[in-house]
Amino acid sequence: LFNSLNSIYSLSISKSEKTTPSILKLSSILRYMLYETEPSRSSLQNELSVVRDYIELQKLRLTDKVEVLVNMHGEFEDYMFEPFIILPIIENAFKYGVDNLNNSFISIDILVENQQLDLKVVNKVVQRPAMLRKESGIGLNNIKRRLEILYPKHHQFSSDENNEVFSVNMQIKLKTL
């Protein structure tokens, strides 16, 4: 949220035409966080709408050195989903995979097919100061624990870093409405 607010602030200073749509996207994310997630469930379609808004907000602060590829395919309307499982994975990619000075990339693939969600997020590993590296890993570990509790025996999760590329793969057997 703070990065998004700072990006919108920068847009407003430069009187960018992107300011108003950015505020609407941030408003949509906040509305979802506060009002549209029941104590434990939301629709997958709503969750992915928030993910799209978040990605669009993040793109505002990026230069042309960062390539962001997003592919979402499948039938999203018929499934319930635990809120804020996908978003932290996407946030992680933007936090550790963006370099506005050198070429970097983030690739996000989401497929829903045969009552299963497949998510693959791949990003360049951008070198960060040692202090930031010490703090890394908490978000993904929290996702792993939540998946074990919320989707026991109905999920797979893996992450890997290889040749300066970080990837997360997640599969979840979905529950219908």
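Mentor: Start with the open sheet of three strands, ordered β1-β3-β8 and paired antiparallel. β1 (42-43) and β8 (175-176) are its edges, and each has a single partner strand, so one side of each has no neighbour in the sheet. Keep in mind that this is a predicted model. Now look at β3, residues 79-81. Two bridges link β3 to β8, and these strands run antiparallel. Find Met80: across from this residue, in β8, is Lys175.

What holds such strands side by side? Strands of a sheet pair through backbone hydrogen bonds, and the pairing is either parallel or antiparallel.

Next, the other sheet. This one is also open, and five strands build it in the order β2-β4-β5-β7-β6, with mixed pairing. On average, neighbouring strands here are turned by 5 degrees against each other, if direction is ignored.

Walk across this sheet from β2. Where does the parallel pairing come in? It is found between β2 and β4, which are joined by nine bridges.

Step on to the next pair. β4 covers residues 104-113 and β5 covers residues 116-124; eight bridges join them, and they run antiparallel. Asp109 has Lys120 of β5 as its bridge partner. Val112 faces Leu117 of β5. β4 and β5 also form a hairpin, with two residues between the strands. In that hairpin, Asn114 has a positive phi near 50 degrees.

Keep going. β5 meets β7 (residues 165-173) through nine bridges, again antiparallel. Here Asn123 is bridged to Phe166 in β7. Look for His155, which stands opposite Ile172 of β7.

Now see what packs on the strands. Helix α3 lies across β2, β4 and β5, and runs at about 165 degrees to β2. α4 packs on the sheet as well: α4 touches β2, β4, β5, β6 and β7, and its direction makes about 10 degrees with that of β5.

These two helices also pack on each other. Two packed helices are described by the angle between their axes and the distance between the axes. α3 spans residues 44-59 and α4 spans residues 86-96; their angle is about 15 degrees and their axes lie 10 Å apart. Angles under 35 degrees count as roughly parallel, so α3 is roughly parallel to α4. The crossing of α3 past α4 is right-handed. Which residues of α3 and α4 make the contact? From α3 come Leu44, Glu47, Leu48, Val50, Val51, Tyr54, Ile55 and Gln58. From α4 come Ile86, Leu87, Ile90, Glu91 and Phe94. Sorted by class, that contact holds ten nonpolar, one polar and two charged residues.

Side chains of opposite charge can pair when their charged atoms come close. The structure has two salt bridges. One of them joins the side chains of Lys25 and Asp53, at 3.9 Å from N to O. Lys25 is in helix α2 (residues 19-36) and Asp53 is in α3, so the pair ties together parts that are 28 residues apart in sequence.

Definitions and conventions: Residues numbered from 1 in each chain as written. Predicted model: local features only at pLDDT ≥ 70, side-chain atom pairs only at ≥ 80, totals over all residues. Heavy atoms only, no water. Pairing = 2+ DSSP bridges. Helix = DSSP H or I, 4+ residues; strand = E, 2+ residues; numbered from the N terminus. Axes fitted to C-alpha atoms, helices over the stretch in contact; angles between N-to-C directions. Parallel < 35°, antiparallel > 145°, perpendicular 65-115°, else oblique. Left-handed = near helix turned anticlockwise from the far one by under 90°. Contact = heavy atoms within 4.5 Å. Nonpolar A, V, L, I, M, F, W, Y, C, P; charged D, E, K, R; others polar. Salt bridge = Lys/Arg side-chain N within 4 Å of Asp/Glu carboxyl O.
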